[in-house]
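Hi everyone, thanks for coming along. Please have the sequence and the 3D view open, and follow with me as I walk through the model.

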Amino acid sequence: MYASREDIGYDFGDDSKVGSKPIKPNPNIDGGWAWMIVLSSFLVHILIMGSQMALGILNMEWLEEFNQSRGLTAWVSSLSMGITLIVGPFIGLFISMCGCRTTAILGGILNALGWILSAYASNVHYLFLTFGVTAGIGSGMVYLPAVVMVGQYFQKRRALAQGLSTTGTGFGAFLMTALLKYLCTEFGWRNAMFIQGAISLNLCVCGALMRPLSPKDLREKYVVRSDSEENRAKALSHSTETIKSNGVLSEEPEKKEEAANEEVLGSVQHIEIGGKSGSGRSMYGLRILKTVSQLTVTVRKGFALWYSSYFGAASLFTNRVFVAFIIWALFAYSSFVIPFIHLPEIVKQYNLSRQDNVFPLTSIIAIVHIFGKVILGIISDLPCISTWNVFLMANFTLVTCILILPLMHTYVGLAVVCALIGFSSGYFSLMPVVTEDLVGTKHLANAYGIIICANGISALFGPPFAGWIYDITQKYDFSFYIAGLLYMVGIIFLLIQPCIQKKQPREKSTEEAQV
C-alpha cells in the first residue's frame, strides 16, 4: 500500500548500500560517545521543546497581566515555537561553517538572554521581540545541532537513538509545566522567566558535549561490505541513476570546490614563505592574514554546500517526495501545538479545572508522548517493519484524534484523546530518520532544516489562528476541525507522491520495450 523503507532508500538518494572493502568501524558509532550525544540531545529537548510545550501556563499569566485578546497574546508562544523551527535552514549555514558544537553554545547563550530580558516586559509587543524572536533564534541554534549530531553518530539504531533523545520533549513538557506553575505561584511570572533563563544556560553544556566526528569517521560509517563485484556494480549504477533523478549533489562540484580551496590555501602558504624571507614584514600580521584566509576558506566551503543544497541546479527541491514531505510539514505541527497552548483555556471553559489540577491534560500528552517515541522507534528499527509505514499510521491516528477532540466534553473523554495524541505524536522521533532516507546523511542538516522550517511556519500561525477563531465564535471547535482537515491534506500528499515515483520507472521501461 505504501512505499517501503527500502523503496525510499533506493529511490531518493540513500547511498548507504554502496559496497566497499571492510573497514574497522569507529567504536563511537552506535556506541561509546554516541550515547553521550543522545544524553545531550535529550537534555536539549527538555530545556527547549519541553519549555515551549509548557507555555500554556505563561500564556494565561500574560492574558491576565496585559489584558489583550487571546489571538494577540498567543502570538508570543507561537513566535517562539515558530522561529525555533523556521530558522532551521539558516542554522544549517552556521553548522556548515562553524560546526554543531559552536552553534549550539552560542544558541544557548542567546536563548537564556531572551528568557531573562522577557522578565522585564511591559507589554505583549515587548515579548514579541525578547521571547518570540531572541529566545526563538537561540532555541533554533541549539535544537538543529542536537538532532543532526544524533544522526551522525548512529547508523544501525538511528530510530531508537532519535526516539530516546526526543523523549526529552515529553519529559520536559511534564517537568516544565510543573516547574513553571510552581514558580509563577511562588514568585510571579516575571521571576519565573528570570529563573528559567538561568536554567537555560545549561544548553551551553549540552552544546559542549557535541564532539564532532572526523570526516574519516563519517566516511567509515557508511561503508558496507559487499560479497561480489556484481553487487558492487549494481549499487554504483543505481547510485548514479539516483543522483540524476533526484538531484542529490554530485561529486564533481565538490572536487572543483576542493581545488579552489587548495588554491586559496596554497596562496596563503606562498605568502607565508615570502613573509619568512622578507625581513621587513611582521610575523604577527602574517599570522592574522593566514587566520583570515583559513576562515575565508571555511566560510566559502560552508556557504557553497548550503547554497548548492537549497538553490543549486541539483537542489533538494528536485526530489518530489521530499517536496511532498515539506507540504505535509506545513500543516502537521500546528495540530500538535494548538492543544498545548489552548487546552488550559478549554478545560476552564468546560468547568473541568478541579480534575485538571489533579492531573493536567497537557501532562497526559507529555507522559504518553515519551512512550510513543520510544515504542515507535523500536518498532521502526525491526527489520521486517517499514519506518515509512509506521510514520504514516501514526499520522493517521493523530489527525483522527484532532478531529474528534472537540466532541469530548468530559475529563475522561479528553484524557483518552490526549493520551492517543501523545502516543501518535511520537512519530516526531522518526522524522530525522525518514528525512535521512529521503536525501542521504550528507544533506541531512540542510534537509531537516527545511522540514523544521515548514513545521515552524505551521507552529507560527496555528495558535494565533485558533485564538482568532475563538474570539469570533467563542468556541475552539472550528479551530480543531480546520487544523485537522489541513493536516489530512498534507498526509494525502505523502501518499500520492511515492506512488507516482514508483510508477514512473515502470512507464519508462514499457516505452523502451515498445521501441
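The protein has 21 helices and 2 strands; both kinds of element are DSSP runs numbered from the N terminus, with helices being H or I runs of at least four residues and strands being E runs of at least two. What you see is a predicted model, where local features need pLDDT of at least 70 and side-chain atom pairs count only at pLDDT 80 or more, while totals for chains, interfaces and linings use all residues. Residues are numbered from 1 along each chain as its sequence is written, and side-chain values use heavy atoms, with hydrogens and water left out.

Let's take the overall numbers. Of the 515 residues, 52% count as buried. Buried means under 20% relative accessible area, exposed means over 50%, and partly exposed is in between, using a 1.4 Å probe and protein chains only. The protein exposes about 22900 Å², and carbon and sulfur atoms supply 65% of that area. Accessible areas here come from the Shrake-Rupley method with a 1.4 Å probe, and for residues only the protein chains shown count as cover. Now for contacts, meaning heavy atoms within 4.5 Å. Among contacts between residues at least 6 apart in sequence, 86% join residues at least 24 apart.

Next, please find helix H8, which covers residues 158–200. Is Ala161 buried or exposed? Ala161 counts as buried, at 0% relative accessibility. Leaving aside neighbours within four places in sequence, Ala161 touches Val38, Val150 and Phe154.

Which residues does Ser165 contact, leaving aside its neighbours within four places in sequence? They are Val38, Ser41, Phe42, His45 and Val150.

Thr166 has its place in helix H8 too. At 4% relative accessibility, Thr166 counts as buried. With neighbours within four places in sequence left aside, the contacts of Thr166 are His45, Lys373 and Ser429. Thr166 and Val44 are 122 residues apart in sequence, yet their C-alpha atoms are 8.9 Å apart in space.

How many salt bridges does the structure hold? There is 1 salt bridge, which here means a side-chain nitrogen of Lys or Arg within 4 Å of a carboxyl oxygen of Asp or Glu. The partners are Glu65 and Arg190, at 3.4 Å from N to O. Glu65 lies in helix H3 (residues 55–66) and Arg190 in H8, so the pair ties together parts that are 125 residues apart in sequence. Glu65 is partly exposed at 42% relative accessibility, and Arg190 is partly exposed at 28%.

Now slide along to Asn67, in the loop between H3 and helix H4 (70–86). Phi of Asn67 is near 55°, a positive value in a residue other than glycine. As background, most residues other than glycine have a negative phi. Asn67 counts as exposed, at 67% relative accessibility.

In helix H4 itself you'll find Ser78, which is buried at 0% relative accessibility. Leaving aside neighbours within four places in sequence, Ser78 is in contact with Ile83, Ala459, Leu460, Pro463 and Pro464.

Let's turn to the rings. A search of the whole structure finds 14 aromatic pairs; rings of Phe, Tyr and Trp (its six-membered ring) pair if their centres lie within 6.5 Å, and planes under 30 degrees apart count as stacked, over 60 as edge-to-face and the rest as tilted. Ring pairs link Phe325, Trp328, Trp388, Phe391, Tyr427 and Phe428 into a cluster.

Last stop, the surface. Phe371, Ile375, Ile379, Leu382 and Phe423 form a nonpolar patch with about 410 Å² of accessible area together. Patches are made of residues with over 30% relative accessible area and no salt bridge, with like charges joined within 9 Å and nonpolar side chains (Val, Leu, Ile, Met, Phe, Trp, Tyr) within 5 Å. Which helix gives the most to this nonpolar patch? Helix H16 (residues 361–381) does, with 3 residues. Ile379 is found in H16, and it is partly exposed with a relative accessible area of 32%.
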